[in-house]
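Student: I have a model open and want to learn how to read it. Can we go feature by feature?

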Amino acid sequence: MNYHIFTLFPEMIEQGLNTSIIGKAIEKELIRLNLINIRDYANNKHNKVDDYPYGGGAGMLMQPEPIYSAYKAVVHQHKETYVNKKPRMVYLTPQGKTFNQEMAEEFAKESSLMFLCGHYEGVDERVLEEVVTDYVSIGDYVLTGGELAVMVMIDAISRLIPGVLSNKESTEYESFQDGLLEYPHYTRPYEFLGKTVPDVLLSGHHAHINKWRKEQSLLRTCERRPDLIEKASLSEDEKKFLKK
Ligand code: 6GU
């Protein structure tokens with residue numbers, strides 16, 4: 001996977017993603033980060049990339065030309081990739097569709113993705129119309145810029161790419177795939193602050209353990225995220241269990 005990220009703060013993203021599991025995936029060349037500093041494409045000697053909004057109002061806007069020049073340069077540098085294919089460009093904005101696991105799975109099928117991180121009060125609409133294919137938000141709150149949001153998206157997408165997670169790490173994910181929250185986990189010691197580990201987990205009886213975990217998932221989802229229960233496709237037995 002090739003990620004092309006257009007930003008005014010490339011060092012923030014570099015720092016954030018070059019560690020842990022994603023850092024290892026970069027080392028293993030399963031994913032590649034191409035960070036493009038929009039300021040390098042400023043068309044004036046002061047490297048200015050923002051200006052006042054027409055019509056007045058608070059704050060500054062990112063001007064269209066530096067973003068468009070940066071975009072054109074990357075498309076040109078990767079012309080083999082984009083000869084028969086329009087680049088998929090995600091603009092990170094609280095006005096976008098809310099990012100979720102299903103969208104992460106969809107994006108993970110691509111071989112390259114572009115991201116545009118906005119800053120200040122926003123970006124001139126004309127360049128957005130020209131280059132953006134997907135408007136994405138990471139939740140209903142306002143961030144100072146798109147950089148943290150792009151890191152969230154890249155983390156969630158990259159862990160779905162084969163080889164990024166070890167076998168052990170990827171099986172952990174399967175329990176969220178059914179749309180329910182995970183059951184509680186326990187490790188040693190057996191007793192902590194007077195609380196012991198549920199006996200079933202020490203029984204060695206795998207059918208019982210699986211049943212208990214499924215029930216715990218159902219109960220926990222009901223309690224903490226009732227909205228997910230409505231969307232999950234539960235079996236008749238599972239529905240009956242929850243009615244009790
Ligand atoms: Cl993607 N960007 C910004 N600036 N704020 C956000 C967001 C994105 N998603 C939620 N809030």
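Student: What share of contacts in the protein chain between residues at least 6 apart in sequence join residues at least 24 apart?

Tutor: This is a predicted model. Contacts here pair residues whose C-beta atoms lie within 7 Å. Of those between residues at least 6 apart in sequence, 77% join residues at least 24 apart.

Student: How many helices and strands does the protein chain have?

Tutor: The protein chain has 11 helices and nine strands. Its radius of gyration is 23 Å, well over the 18 Å that the globule rule gives for 244 residues, so the chain is more spread out than a compact globule. The C-alpha trace spans about 70 × 40 × 40 Å along its principal axes.

Student: Where does UniProt place the feature "binding site"?

Tutor: The unreviewed UniProt entry puts it at Gly118, Ile138, Gly139, Asp140, Tyr141, Val142 and Leu143. Such annotations may be inferred rather than shown by experiment.

Student: Take Gly118. Is Gly118 buried or exposed?

Tutor: The cut-off for buried is 20 or more other C-beta atoms within 10 Å. Gly118 has 23 C-beta neighbours inside 10 Å, so it counts as buried. Gly118 sits in the loop between strand 6 (112-117) and helix 6 (125-131). Leaving out residues up to four places away in sequence, Gly118 touches Met62, Tyr91, Leu92, Thr93, Val123, Gly145 and Gly146.

Student: And Asp140, buried or exposed?

Tutor: Exposed means 12 or fewer. Asp140 has 7 other C-beta atoms within 10 Å, so it is exposed. Asp140 lies in the loop between strand 7 (134-137) and helix 7 (147-158).

Student: What percentage of the protein chain's residues are buried?

Tutor: Buried residues account for 22% of the 244.

Methods
Residues numbered from 1 in each chain as written. Predicted model: local features only at pLDDT ≥ 70, side-chain atom pairs only at ≥ 80, totals over all residues. Helix = DSSP H or I, 4+ residues; strand = E, 2+ residues; numbered from the N terminus. Rg over C-alpha atoms; globule rule 2.2 N^0.38 Å. Contact = placed C-beta atoms within 7 Å.
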